[in-house]
Amino acid sequence: MKVLIVGCGKVGSNLAGQLCHEGHEVTILDLVDDHMKDVSNAYDVMGIIGDGTSIEALKDAGIAQADLLCAVMDSDEANLLCCLIARQLSKARLIARVRKPVYSKETQFFRDHFDLAMVINPELASAAEMARIFRLPSAISIDVFAKGRVEMMSFRVKADSPLCGLSLVELRSKYRQDVLICVAERGDEVVIPSGDFVIQEGDILSIVANQQGVSSFFEAIGVAVNPVKNVMIVGGGTMTYYLAKALLSSGIKVKIIEMKRPRAEWLAEELPAAEIICGDGTDEELLQEEGISQVQGLAALTGIDEENIMLSLYAQSETSVNAKIVTKINRITFNKVIDSMNLDSIINPKELTAEYILKYIRSMDATSSAVENLYRLADGRVEALEFHIYEEEKSVTGIKLQDLKIQDNVLIAKIFRKGQLITPSGQSELQVGDSVVVVAMADRKLSRIGDILKR
């Protein structure tokens, strides 16, 4: 597929790398030559210097031949204008990044009247994930399937956990909970575990269940399930605004520390139920005065990754034992170093954006059983996908799972059928109309449900 990415910042460069890795033909268009050189040197892409809102620049970048255009420049208005121009020059599918809160309720208008395939708001998506985490603070990450009816939740096994030393077979026998452990991370190793996998301290496990099943499982193993009661947010950007609104609507108290007075005043006007502090969120004395040691949740959302990491590490040393800490990291790619710090939950907006676009591209590639959701786990080494099965898909329907020749490192985790969530067994069969959650190693690159089969 020919993809034109307009805007070569953090999101654009990350997206270019992801799409190149998937085998797509990528062209990037940006005004800044240095951005071009960095991405062109790192990936097999064509770089064009030009303005993404220029007709001639878009023509030079090959818009007429493109199958997909992703407008991810810094300006929402520039992204929308780019898509409007592109619609007159090509039949490409159009995706625009639109982030401003003033536009957050107008995305359907943009899709309908600007003929957009997708409108992406990374800050809103990131805030939604953080809000879910604060509502279930024992989780590292929470992803949703089947319109919120199914959850995939990751958590770290602590030293005092009753899970330590249990195999998955023993766990199912002992607790008899309707949850499926589908991914296990141990150091640098990531596996889709079999029944004889033995859980150890420090493992990060990903489970799939409905909301009630997750809560019931956590209660059974002695893990807290109550949401936090108060959250301190350091940094007052767009993501903070979206997160604060979500938390306040759930009855969670919010305190925001923002350095720039005009922005602090704007937040005070827009979020009257939140407590807004104008000050330096990296000032230890200020943090102590504002009660960092008593908060149940902290979100480090400044615009500088290093500050967010230091804030989170400091908060770990100062807050209560059960405090939930979320760290935004948008640029730093030293995954092994970051993992060694044992940060609690990490949010990466650019990777979330790439996930949304990859999901759409996989759906474009497929002729049936479209990808409804796609999430990447374990630093992108594992994918969790949701497929809807249509009438055209005959290769996997009406056949017992034990008789299907499913690829190695591919797991059918859950089946959602007519309002019922099914944990599949070898006797289960897939049917037309099902929503199916599949977990697979990322190198499988699944685009349709039939791809789970050995070729």
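What follows is a look at charged side chains, their partners and a few neighbouring spots in this predicted model.

Salt bridges come first. A search of the whole structure turns up 19 of them. Side chains of opposite charge can pair when their charged atoms come close. Take glutamate 123 and arginine 99, whose closest N and O atoms sit 3.5 Å apart. This pair links distant parts of the chain, with glutamate 123 in helix α6 (residues 122–135) and arginine 99 in the loop between β5 (93–97) and α5 (107–113), 24 residues apart. Glutamate 123 counts as buried because its relative accessibility is 14%, and the cut-off for buried is under 20%.

Arginine 186 and aspartate 203 also meet in a salt bridge, at 2.7 Å from N to O. Arginine 186 belongs to strand β9 (residues 180–186) and aspartate 203 to the loop between β10 (189–191) and β11 (204–209), so the bridge ties together parts that are 17 residues apart in sequence.

With lysine 255 and glutamate 290, both partners are buried. Their salt bridge has its closest N and O atoms 3.1 Å apart. Here too the pair links distant parts of the chain: lysine 255 is in strand β13 (residues 253–258), glutamate 290 is in the loop between α11 and β15 (297–300), and 35 residues separate them.

Glutamate 386, in strand β19 (residues 382–388), is another story. This residue is buried yet has no salt bridge, and the nearest side chain of opposite charge, lysine 147, is 6.6 Å away.

On the surface, Asp283, Glu284, Glu285 and Glu289 gather in a patch of negative charge. Aspartate 283 sits in the loop between β14 (275–278) and α11 (284–289) and is partly exposed, at a relative accessible area of 34%.

Glycine 47, part of strand β3 (residues 46–49), is partly exposed at 35% relative accessible area. Glycine 47 and isoleucine 28 are 19 residues apart in sequence, but their C-alpha atoms are 5.0 Å apart in space.

Technical notes:
Residues numbered from 1 in each chain as written. Predicted model: local features only at pLDDT ≥ 70, side-chain atom pairs only at ≥ 80, totals over all residues. Heavy atoms only, no water. Helix = DSSP H or I, 4+ residues; strand = E, 2+ residues; numbered from the N terminus. Buried < 20%, exposed > 50% of the residue type's maximum accessible area, 1.4 Å probe, protein only. Lys, Arg positive; Asp, Glu negative; His and termini not counted. Salt bridge = Lys/Arg side-chain N within 4 Å of Asp/Glu carboxyl O. Patch = residues over 30% accessible without salt bridge, like charges linked within 9 Å, V, L, I, M, F, W, Y side chains within 5 Å. Areas by Shrake-Rupley, 256 points an atom, 1.4 Å probe, with all protein chains shown as cover. Charge placed at Lys NZ, Arg CZ, Asp CG, Glu CD.
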